[in-house]
Amino acid sequence: MAKGNPFTRTKHRQAWDFFLAQQWAKAKDLYEQICQKDKLDGKAWAMRGIIHGRLNALDDAEHCLKQALKLDPGSHEALKNLGLVYHCKGLPDQAIACYRKALAQTPGHIETLYGLGNVYAQGGDQLTLAQQCYEQVLQHVPQHVGAMLNLANVLAYQGLACQAMPYYRQVLNASGSHAGIHSNLLLSLHYPQVHDPLAVFEEHLAWASLHEQEDRHLADRALEPSAGRKLRIGYVTPDLRAHSVAYFFEPLLAHHDRSRFEIYCYVESGRPDATAERLWQLPDVVRNTGGRSDETVVAMIRDDQIDILVDLAGHTDHNRLPVFARKPAPLQITYLGYPNTTGLRAMDYRITDAWADPPGMTEHLHTEKLVRLDKGFLCFAPPAESPDITPLPARERGYVTFGSFNVLTKVTPNMLALWAQILTKVPNSRLLIKNRQLTDQILQQRLLARFEAHGVGNERIDMQGLTSKGDHMASYGKVDIALDTYPYNGTTTTCDTLWMGIPVITRAGTSHVSRVGVSLLTRMGLSHLIADADQQYIDHAARLAADLNQLGELRRGLRDRFVRAGLTDGASFTLDFESVYTNLWNTACCDASGMDAQ
């Protein structure tokens, strides 16, 4: 090696100083000079790879780190950083292999354990392994903020929201109330079985008091009535991709009347997928906001002169609520992606319906004014992978199969206890639980143990983890009756289930998060499947299971009911939505001018 060469030593020192100063281009140039002088300098190759990674040049980073490992196969730094590169490239198996090799070289290394935990957590199907990694990190570094936050997330994903909340609060205390982390806490408040809507609302107000600025931007142009010009509608979303929100947003996006509306989308872009490639073609203008500051996005929206800005994320991951807090558009609306208020005074309206938010029931839980769509607040684009509805499985098997395909996050201890009581009340019945999280075998065993504690044997519980979308939809063919979750009802899952011919028993509450099932089932004329109390939920399931003739007839006609209810009628739904936009805009214009709206 030529590291003893004075030239090499000097260049290494200079390059390292530039690296510490985050002057990536200068550091990269010097490390390249070193490699040209000495192609066997593994340290320089590794540093080149690390810098390429910081610059998001992932292919170059991979090449350099592999070269470093050829020269020094046991290099912990090269292995760890190659693991990070593979993680960023969406190659979890390769990332895990690198991190494990790095840990074999340096057992217990904190950042390597943290990186490995992040890979396990990202797919949502190796949560217990992720949990173990984060717990090991916290044993050595109790105030490691990233490990605390990600441990909170993986606990919540396992249906352990109550255990997650103390970690969220610790992270908030340590991070100075970071808006995104605070939003994670708000979302987790909807999952515990003891659900106090008023307390959750107060937590949303606390978020807004920290993150909503007093010096909000106000539109500096006069509000002009929409007659004679197009209204500019801006949608802000991180989910214009393969995501549950897209199944409901696509019908609206595809059917907008472009003679009356100009459609902009502000998208937190992640790794592209086939759905994103299709959906990004639908708006008139798409702005990629990924990596942009809130101030930059605010300026972007104001420069585009958006009339109505629509939030589709609420307090879910990668939201842009701090942008809305600055009021970059005259009218601001929240819709679809989050089952609650944003807490923002700057958010003018929230779109819902009279079943999910009955008049007089939930107004006091919102900072926004509720706008209720007469025909329902959801329109669904059924998955292209949907097979035909199968005959009733119970006829062939001789027993009823209940099912839940909702995420494990929503399966509270009380929900599981109710399911166990249903299985006890319906002899020989079985339960199929399917979700991404149950790819984790440890979680499966934990769930089985919880059913056993309620007197339900393992032979009556079937579990499935992550599969392709086509196989996922085909799995509905194994279910006779679906059981919704409470207090957090299903939405996409409920629509998938009903589309596949399976009636859903839902448990209704007193806030939007536990009334989505009410909205969907009422529209379809299935109010008899709605329960207002736990015992009624059990009784509804048992009663339906006892009449296979009724169950079979219901199954055969359920997809037609879904269509007749207007749940797939994107054109009609969009007309209703556009009427809301026009009426709200014209009312705002009249209020601004002191005139009465016509």
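Visitor: What does Asp-462 form with Arg-430, and how far apart are the closest N and O atoms?

Guide: Asp-462 and Arg-430 form a salt bridge, with 3.0 Å between the closest N and O atoms. The term stands for a side-chain nitrogen of Lys or Arg within 4 Å of a carboxyl oxygen of Asp or Glu. Keep in mind that this is a predicted model: local features need pLDDT of at least 70, side-chain atom pairs count only at pLDDT 80 or more, and totals for chains, interfaces and linings use all residues. Side-chain values use heavy atoms, leaving out hydrogens and water, and residues are numbered from 1 along each chain as its sequence is written.

Visitor: Which parts does the Asp-462 and Arg-430 pair tie together?

Guide: Asp-462 is in strand 10 (residues 461–464) and Arg-430 is in strand 9 (residues 430–434), so the bridge ties together parts 32 residues apart in sequence. Helices (H or I, at least four residues) and strands (E, at least two) are DSSP runs here, numbered from the N terminus.

Visitor: How many salt bridges does a search of the whole structure find?

Guide: The search finds 26. One of them joins Glu-262 to Arg-232, with the closest N and O atoms 3.4 Å apart. Glu-262 sits in strand 2 (residues 261–267) and Arg-232 in strand 1 (residues 231–237), so that pair ties together parts 30 residues apart in sequence. Arg-232 counts as partly exposed because its relative accessibility is 25%.

Visitor: And what about Glu-295, which residue does it form a salt bridge with?

Guide: Arg-326, at 3.2 Å between the closest N and O atoms. Glu-295 lies in helix 15 (residues 294–303) and Arg-326 in the loop between helix 16 and strand 5 (331–334), so parts 31 residues apart in sequence are tied together. Glu-295 is partly exposed at 47% relative accessibility, whereas Arg-326 is buried at 9%.

Visitor: Which residues are linked in a network of salt bridges?

Guide: Asp-59, Glu-62, Lys-66 and Lys-89 are linked that way.

Visitor: Switching to rings. How many aromatic pairs turn up?

Guide: There are 15 across the whole structure. One is Phe-248 with Phe-380, tilted, at 5.2 Å centre to centre and 45° between the planes. Rings of Phe, Tyr and Trp (its six-membered ring) pair if their centres lie within 6.5 Å; planes under 30 degrees apart count as stacked, over 60 as edge-to-face and the rest as tilted.

Visitor: Where do Phe-248 and Phe-380 sit?

Guide: Phe-248 is in helix 13 (residues 244–255), and Phe-380 is in the loop between strand 7 (369–372) and helix 17 (393–397), 132 residues apart. Both Phe-248 and Phe-380 are buried.

Visitor: Last one: which loop holds Asn-319?

Guide: The loop between strand 4 (308–311) and helix 16 (321–325). Asn-319 counts as buried because its relative accessibility is 14%. The side chains of Asn-319 and Ser-183 are joined by a polar contact of 3.4 Å. That term means a pair of N or O atoms within 3.5 Å; within protein, one must be able to donate a hydrogen and the other to accept it, and residues adjacent in sequence count only if both atoms are side-chain atoms.

Key:
Buried < 20%, exposed > 50% of the residue type's maximum accessible area, 1.4 Å probe, protein only.
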